[in-house]
There are 2 protein chains.
Amino acid sequence: MTPKANYHMLKPLIERQLSAQTDLQRTAIIDVGSNSFRLVVMTYLRGYHFQLTDEVRESVRLVQGLGATGKLSREAMAHAVEVMRLYAAFCRACGIDDIAAVATSAVREAANRTEFLSRVQRETGISVRLLSGEEEAYYGYLAAVNSTTLRDGFVVDLGGGSLEITRVQDRLPRESVSLTLGAVRTTEDWLPSIPPTKEQVARLRKHIREQLAPLTWFKLKGSEQLVGQGGSLRNLARIAQKQGNYPLDELHGYELAANDVRKIAKQLEGMSLAERLRVNGMKPDRADIALAAAIVIEECLRHAEAETLLVCSQGLREGVFYERFFNGNADPSAPPMFKNVREASVINVAHLYHFQERHARHVAHLSLSMFDQLAALEGDSERFSAAERELLWAACLLHDIGMNIDYNDHHRHSYYLILNSGLPGFTHRELALIALAAKYHRKGTPSTAPISAVLQAGDEARLLRMTALLRLAEQLDRSRDGAVSDVRLEPHEDGYLLTPISDQDISVAVWSAQLHTDIFRSAFGKPLAITYNV
Amino acid sequence: MTPKANYHMLKPLIERQLSAQTDLQRTAIIDVGSNSFRLVVMTYLRGYHFQLTDEVRESVRLVQGLGATGKLSREAMAHAVEVMRLYAAFCRACGIDDIAAVATSAVREAANRTEFLSRVQRETGISVRLLSGEEEAYYGYLAAVNSTTLRDGFVVDLGGGSLEITRVQDRLPRESVSLTLGAVRTTEDWLPSIPPTKEQVARLRKHIREQLAPLTWFKLKGSEQLVGQGGSLRNLARIAQKQGNYPLDELHGYELAANDVRKIAKQLEGMSLAERLRVNGMKPDRADIALAAAIVIEECLRHAEAETLLVCSQGLREGVFYERFFNGNADPSAPPMFKNVREASVINVAHLYHFQERHARHVAHLSLSMFDQLAALEGDSERFSAAERELLWAACLLHDIGMNIDYNDHHRHSYYLILNSGLPGFTHRELALIALAAKYHRKGTPSTAPISAVLQAGDEARLLRMTALLRLAEQLDRSRDGAVSDVRLEPHEDGYLLTPISDQDISVAVWSAQLHTDIFRSAFGKPLAITYNV
């Protein structure tokens, strides 16, 4: 067997090898939340790559009644202990020893928190770490900064019990606050009836504004971003997507408009519970708290003077995970974060689908070589921007991952996998361009339908340019042996002349590439000739 | 540590593992066809599982001019030798040593075949095996019998040069014939202009009928099936699918109606080449031969008195492959075929996506146990048919394959993978039911949109029953440890009582299953209670 074997065929072998690896770890993270409990299993090679491999969720409503009595109710506590007992049994059955359980607002606020935590410890064997408001905010921040390109701005994490707001500067947390404005908490305290009265809604808004008023630092400036987290926010974003017939089935990276939040809050205000349940996109077990959640988010956006909020579907759980994931870094003083989220995302996804690394990187090398030479020859900084170059790089690295599904139609499978991977750190528009370029890397005239709604003016032409260079590079490495080490591009008559550089027999490459010069002409408006001097 | 650094640490381990694996084989199969040449690479564990891992195609039209001169033209031969030289370079570059090249009708008919074959051997090093008409028919038959449930009936393989018809009885080939009625050959000989005159079409039909007339054995009887193969047939089927807005993107297993063939032949007859190229689904390099192909297929169906033809997208290449794949079987006298195509398909697909075999088989065991007990208790042989039982088994084995893509939404990924796998041997209706049951194995109310067009009356209810049993079994093995060894089902009040059998702590299983008793009630019209006696 040669090392050139197709990697996707070898997945079982690789996996067997991986599971023999002592570095492969599994951690169960248990989020003892105020609205729901969730257990997620992350499987990972520390600092290398990770994947969510199991998930169990139970709606517990631990915070129920807390506002009135200051204590966790007997019923809520019994339910909570029962669920934790089941989670412990689940971990035992799955052979998971490493368990990180954290409790947040509801437990933090409860007068009987010590009794609860020791009862869980005694009856289930799970030791739950109680997070302070600052710690809760920190883990949300950690998830945001590892899954978005947030550099300066804010992270808003709306839970069942509390709302955390963190100011981020140069990717580091600067200040944070934890307010008891969680979706369940505000529903119980301020909107006890469905639909609520106008006065109840007005009083809730007044309360939120009073809480936010002291936060003079919570104002969006210039290019700062507002990133939002939490299940109630995801629910809201899903509703907005459904109402706008959004073409992608992906929440992470979605730009939720302040206008849409206002509109949905207005709609929900007049509805009965039954009517809320019929709202397209509504999660049934969040219907009762959806209005309060929408109002809290609306008021946050108003206070921060933000037009949109970037949805981050990672949060507390992932934050706790990232701390473990980066623990043991070569540089212990480095913050637990990826240096470049976009690059890490592409490489993580490429590895998850077992890309043929040498071929993918060689296609990127050839594509970018043509891109750079064209940029110099055409002298057009708009068409040859750094942003377009990065998208082309990502498309090259990921163009073949669909082979992990099947060779037949693997271009179409790559498109499906890229769109579904979400590629944290890229906008949905960028995600769509990368996926589309991969879809057309073998043949066909690039079409942006049915996801053109996320694209901008000029993206059709951009996609055509990306596809043309990716496709030519793919053909130049058609036999995946890297025989064409580079290419030279120079003016030739009314177009360009491409000369592959090699010291081997590259007839397959030249023959393959020559079949695809038409798309170059469509993309760049000039003919391309390919020479081959043996 | 960056992800990249770690991957490089892993690579030597992977490669060591690869070189230890001696069973994994790769074969390049080269089909020196009359209309096009194709090289496919199959990667496989002999007798175990296989996958197409690469493909190169070139339109060569070797048969061009053969009818007039009886010889391969100088141009066609030069083109052919050039392509073979490239294929040889491709195999060398990819490190593939095992090459099986076969030539068919065009070479067989040509007076200068010996010159051609020795020139290919001399200039490319590839030794091409020239197949007789019977051998060509045999390999088509072998592909059909290994990828469909054909037991009794006919295989019709339409190539560029010839048409092979094989009669199959009890899965064995009984008689076959090879006629020079290939799509390129009949176009050249009978329909030289586009559009043709009415007289030209009438003369072609007369010629085909004269050729078919002696084949008194080529008549479909009772439950016999007609299976069709070849690129021109796939082209025709794709056009029929597009015209009927067919919801699946899968050709293999498609039932092409004789009426649609007639309709398409009629449409094409009056069209210019430019008009043909605009027909939705038309392959550009088959547009010129599409009318002759449609007429040959139409006449075959008429002669055989068949209403439909089952499209088989495998053919000669796969037939040659299957012979290698089964070579070395324990029983050398056994024909090179799967004992049960449907079972082999499910298991092949399950392995390709690295299913968790223990869990999948245990879910099947628990589902079928409930199915069998319900069948006995309800005494309803229609709702509890062997066919439904087999679909349930397949859905159980494949329900989690989407995890190979991502844990998140893995039910949706399973649906995508199952639909795209095609599951040779199952009809599209069965394929859809299996995919849909997998899609709903975790949550949601099963809906057949947007592929309901391939389903029949009663399939909504059937899907609900399959989903209910799959989902309960999935929950009973929620922690994937097989702790619930079986279940007992008995009448209880106005419904049923389910008792999980185990000697372990099965609280997770019971708790999980109890959350999903509603769907049982919807599916079977009776409530389900679950007991748990520790």
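Colleague: Is His354(B) buried, exposed or partly exposed?

Modeller: The model is a predicted one, and the class follows from a count of C-beta neighbours. His354(B) has 13 C-beta neighbours inside 10 Å, so the class is partly exposed.

Colleague: Where does His354(B) lie, and what is its phi?

Modeller: His354(B) belongs to the loop of chain B that runs between α14 (341–352) and α15 (357–378). Most residues other than glycine have a negative phi. His354(B) is not a glycine, yet its phi is positive, at about 55°.

Colleague: Which loop holds Glu305(B), and is this residue buried or exposed?

Modeller: Glu305(B) is not a glycine either, and its phi is positive at about 60°. Its loop lies between α12 (290–304) and β11 (308–311) of chain B. There are 12 other C-beta atoms within 10 Å of Glu305(B), and a residue with 12 or fewer counts as exposed. The class of Glu305(B) is therefore exposed.

Colleague: What is the omega of the peptide bond from Ala449(B) to Pro450(B)?

Modeller: Pro450(B) sits in the loop between α18 (428–439) and α19 (459–476) of chain B. Most peptide bonds are trans. The bond from Ala449(B) to Pro450(B) is cis, with omega near 0°.

Colleague: In chain A, what is the omega of the bond from Ile194(A) to Pro195(A)?

Modeller: Pro195(A) is also a loop residue, placed between α7 (183–190) and α8 (198–212) of chain A. The bond from Ile194(A) to Pro195(A) is cis, and its omega is near -10°.

Colleague: Which strands of chain B stand at the edges of the open sheet of three strands?

Modeller: The order of this open sheet is β12-β13-β14 in chain B, and its pairing is mixed. A strand at the edge has a single partner strand, so one side is left without a neighbour in the sheet. The edge strands are β12 (486–492) and β14 (528–530) of chain B.

Colleague: How many bridges pair β12(B) with β13(B), and which residue of β13(B) stands opposite Glu490(B)?

Modeller: The pairing of β12(B) with β13 (residues 495–501) of chain B is antiparallel, over seven bridges. Within β13(B), the residue opposite Glu490(B) is Leu497(B).

Colleague: Which residue takes a positive phi in the hairpin of β2(A) and β3(A)?

Modeller: β2(A) pairs with β3 (residues 49–59) of chain A in the antiparallel sense, over ten bridges. Three residues lie between the strands of the hairpin, and the one with a positive phi, near 75°, is Gly47(A).

Colleague: How many of the ten residues of β2(A) are buried?

Modeller: Burial here requires 20 or more other C-beta atoms within 10 Å. β2(A) is largely enclosed by the rest of the structure, because the number of its ten residues that are buried is eight.

Colleague: Which element supplies the largest share of the side of domain 1 of chain A that touches domain 2 of chain A?

Modeller: Chain A is divided into domain 1 (23–130), domain 2 (134–317) and domain 3 (342–530). The contact takes 16 residues from domain 1 of chain A and 15 residues from domain 2 of chain A. On the domain 1 side, β1 (24–32), β2 (36–45) and α4 (105–109) of chain A each supply at least two residues. The largest share is three residues, and it comes from α4(A).

Colleague: What is the radius of gyration of chain A?

Modeller: Chain A has 21 helices and 14 strands. For its 534 residues the globule rule gives 24 Å, and the value for chain A is close to this, so the chain is as compact as a globular protein of that length. The radius of gyration of chain A is 26 Å.

Notes: Residues numbered from 1 in each chain as written. Chains lettered and ligands numbered in written order. Predicted model: local features only at pLDDT ≥ 70, side-chain atom pairs only at ≥ 80, totals over all residues. Domains from an automatic or database assignment. Contact = placed C-beta atoms within 7 Å. Helix = DSSP H or I, 4+ residues; strand = E, 2+ residues; numbered from the N terminus. Pairing = 2+ DSSP bridges. Rg over C-alpha atoms; globule rule 2.2 N^0.38 Å.
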